[in-house]
Number of protein chains: 4
Amino acid sequence: MIGPRTADPGLYRLAYQVGAELAGRQAVLLCGGLTGVMEAAARGAREASPPGRTIGLLPGTDRGDGNAFLDYVLPTGLGEARDGALITSADAVVAVGGNPGTLIEIGYALQRQRPLAVLGGWSVLDESGRPVPGVLVARTPAEAVTLVLGSAG
Amino acid sequence: MIGPRTADPGLYRLAYQVGAELAGRQAVLLCGGLTGVMEAAARGAREASPPGRTIGLLPGTDRGDGNAFLDYVLPTGLGEARDGALITSADAVVAVGGNPGTLIEIGYALQRQRPLAVLGGWSVLDESGRPVPGVLVARTPAEAVTLVLGSAG
Amino acid sequence: MIGPRTADPGLYRLAYQVGAELAGRQAVLLCGGLTGVMEAAARGAREASPPGRTIGLLPGTDRGDGNAFLDYVLPTGLGEARDGALITSADAVVAVGGNPGTLIEIGYALQRQRPLAVLGGWSVLDESGRPVPGVLVARTPAEAVTLVLGSAG
Amino acid sequence: MIGPRTADPGLYRLAYQVGAELAGRQAVLLCGGLTGVMEAAARGAREASPPGRTIGLLPGTDRGDGNAFLDYVLPTGLGEARDGALITSADAVVAVGGNPGTLIEIGYALQRQRPLAVLGGWSVLDESGRPVPGVLVARTPAEAVTLVLGSAG
């Protein structure tokens, strides 16, 4: 689960629902651990019943920067280089909202060939103006999770 | 100067010309140090007269992986986390061609607010389908270099 | 918990006991996730009753490199730069055995001012030949854990 | 060339002389780019005649943090994870003075099997209390440089 550290109410709700969907699939939520989309997703996972597990990989060195909805807080001290570690550590990636950090993480997800769905974010077109293969566009949180994890059925 | 490690002849020529333009401006060429676009740009800089200076930041630990056109070869051992270090270390960024690594580097350039021009690569659209601000699209190597460094005059 | 990826039976037993002690304190075991001391400590934590939780931060990109005793496997793709992230993420550090990687991690523990105990490993002397402050030398696994976490009371 | 970012006059002079010796061998000085020992060494290299070349790999994101004696300033944004990149990028390592950062870099030098000399710093002993192989102890700047680069002939 990746996304900006600021989120308007609509984006916050989307991210919250993605977290809840992931918890419903018994998936562990791995995120950047800060505010905005990262907090919303962790909160959605933790407030699901039964609650899902959440891990935050922080860019800084201070555990206290982690949001309040993380089971495990790992302050890496790597700065934005933690983005690559975050994506490499994930089995599948859902990007909510668009910003430079999310773009970096989309790039890493493509590079590591992780299943990737984008929800309400930026899009990436190739030289011919076609969507880049491997970036799945989702319209709802449930669809995003199904796209990357397969249907629960 | 960023771009894929494989390059067809057209892309190789574009990157070569970007390197030559940068050398003509007395700019130091900083690149990923491997093959493809990275090699072409370094070669263009080194074969200019007077030759430009070139530095390669490699992902691996082996100096021998650097291409033959680098004044300074720095094998960082960071894997793809060297992408962030590369962009953060640059005053301005020209992206030639499109691939996941280039997308990562576009993201870092936006995040670090480095002047950024894209030549023959992927494009990034925001939620409204408009080009993301800060990603300048160039049609020629000279235009790309002028967009990020200002006109030489 | 840090240490080499190879371990003779004596070192393996020490690390196993450190893992067990940590589990007994309800501490989460964070380690490098590979073989040797890292595996022994994770195994000691997981085979305690009740079992402790274990997280492995791998240097590579392949989840399959993690040992069999990890609750959470995070392949960071950072190479040895994951050492700094590992220590920064820890509340306290126990080093078992000596090798270059352990030395790196002792340095990061001192830099981040994490409580640090060394068990059966290398020692570091300052310019005057005295042990460097902050590197606590333990003789037993229980003592190592008590030194860094305080007595259990 | 590695060492603390603070240096008393004696340490500053040692590091300055190491920089001068390296310049005399036409070696490129690669350092952490900040103050103290890093500045002294870069200054020694640049004030030699003919001047040596100097490169600084900074932990932060701001080029302005580099000292005044660097030909190339690379702000990596990696935090202390730049230590590993610095050592991996070096052909040989001279450590002046002792502190946690220097210890990290000694560890990386051993791990990467780079020739390593220590001057006026901490020492590392193995389990038997003997100096760890691969850490050469030098008494003078000239000796340190000769130990890692070989005699000039």
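Modeller: In chain B, 3 strands form an open sheet with parallel pairing, in the order β1-β2-β3. Strands here are DSSP runs (E, at least two residues), as helices are (H or I, at least four), numbered from the N terminus, and two strands pair if DSSP finds at least two bridges between them. β1 (29–31) and β3 (72–75) of chain B stand at the edges with a single partner strand each, so one side of each is left without a neighbour in the sheet. Direction ignored, neighbouring strands of this sheet are turned by 15 degrees against each other on average.

This is a predicted model, in which local features need pLDDT of at least 70 and side-chain atom pairs count only at pLDDT 80 or more, while totals for chains, interfaces and linings use all residues. Residues are numbered from 1 along each chain as its sequence is written, chains are lettered from A and ligands numbered from 1 in the order in which they are written, and side-chain values use heavy atoms, with hydrogens and water left out.

Between β1(B) and β2 (residues 54–58) of chain B, which run parallel, there are 3 bridges. In this pairing, L30(B) stands opposite I55(B) in β2(B).

Helix α2 (residues 37–46) of chain B lies across β1 and β2 of chain B, where contact means heavy atoms within 4.5 Å. Helix α2 of chain B runs at about 165 degrees to β1(B); axes are lines fitted to C-alpha atoms, for helices over the stretch in contact, and angles run from 0 to 180 degrees between N-to-C directions.
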